[in-house]
Structure formats: C-alpha cells, structure tokens
Amino acid sequence: MNHNQELNARNLYNFAVDLLIGSNNKKLVKLGLTILEMFQANDALKEAVRLIGLSDEFTIFAVFLMRAWENASTEILNLAKKVEGWGRIHAIAEIISSLLVEGHVSGISVIANSNAMINKFLAHSPKQKMIESDKQIVNDVTEWARENTED
C-alpha cells in the first residue's frame, strides 16, 4: 500500500512546533508558524506565540495565528502595544480589518480614524517619536484604505 499522498496531522503539528521552538533559522521558525495556522492552539502554544510575536520579525505570523483564538482582537491589541514598527502596523491593520468585517465601523470611519490610530500607537513607542519611514507607512496604509474601501 502506498501512502505518499497522506500526511499525519500529529506529526505535522509536532514538526511545526519543533521548528518554532527548536530552530534558530528565522525562515524555519516562520515555516513552523505558518504550518501551525492549520491547527487549534493550546495554552502552551499560545504562550509561545505571544512571546515570539514580540519580535517584529515574527509579529505578522503571530497575528495570523491569533486571528483564530477566542478574544482575538484583545490578544492582537495587547501584542500591538508591545511591539514597534512593522509589527505594530501589521497588528493594527488586522484589528482595523476585523472591525470592518464584524461591521463595527464603516469604511469611511476607518479611513478617518486609521491614520490617527496608527500615529498614536507609533508615537507612544519607547523612543517617543516617529521615524520618517513609519510616517510613510501610515500614509501608505491610509491611502490604501481610501482606495480599497467602499461605502
């Protein structure tokens, strides 16, 4: 019997966790996080994701995993408060997106408030200032929202 087309879910999960916690190669850690999106996270995995998400390098991957968690918006917001730069931008963008999908805000209010919200998060970084590249990111996100939001 040939089973080349089958994957054992437990083995795949264990492989992904091994990549996440055992690899010192960033690409392999990202692969592990990506694979783990297919699985429900237990408490130990959630703690590992919260911790690795503190690195801007891995924040977006952590956010992708957190989207499936109970209280996802709260988890992502808590992460956004602890990271800077692109990690924060990705987290805030996910919160804005989920608010739109859930119907809590209109596209127009997102456009009106996203720039201010992102500026506020960036401005309260430990460095207490926004660097020029972060300002450009905010402007790019706001422009994208204007172009891609229908009301």
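Predicted model: local features only at pLDDT ≥ 70, side-chain atom pairs only at ≥ 80, totals over all residues.
**View 1. Helix H1 spans residues 9–22.** With 14 residues, H1 reaches 19 Å from its first C-alpha to its last, close to the 20 Å expected at 1.5 Å a residue. At the start of the helix, a side-chain oxygen of Asn8 comes to within 2.9 Å of the backbone nitrogen of Arg10.

**View 2. Buried and exposed residues of H1.** Leu12, Tyr13, Ala16, Val17, Leu19 and Leu20 are buried in H1; because these residues cover an arc of only 155° around the axis, they lie on the same side of the helix. The face turned away from this buried side carries Arg10, Asn11, Asp18, Ile21 and Gly22, which are exposed. The packing partners of the buried residues are helix H2 (26–36) and helix H3 (43–52).

**View 3. The crossing of H1 and H2.** The axes of the two helices come within 7 Å and cross at roughly 145°, and H1 passes H2 in a left-handed crossing. On the H1 side the contact is made by Leu12, Tyr13, Phe15, Ala16, Val17, Leu19 and Leu20, and on the H2 side by Leu28, Val29, Leu31, Gly32, Leu33, Ile35 and Leu36.

View 4. Of the 151 residues of the chain, 37% count as buried. Among contacts with a separation of 6 or more, 52% are accounted for by residues 24 or more positions apart.

Methods:
Residues numbered from 1 in each chain as written. Heavy atoms only, no water. Helix = DSSP H or I, 4+ residues; strand = E, 2+ residues; numbered from the N terminus. Expected span 1.5 Å × (residues − 1). Buried < 20%, exposed > 50% of the residue type's maximum accessible area, 1.4 Å probe, protein only. Arc of directions from axis to C-beta. Contact = heavy atoms within 4.5 Å. Polar contact = N/O pair within 3.5 Å; in protein donor to acceptor, adjacent residues only side chain to side chain. Axes fitted to C-alpha atoms, helices over the stretch in contact; angles between N-to-C directions. Left-handed = near helix turned anticlockwise from the far one by under 90°.
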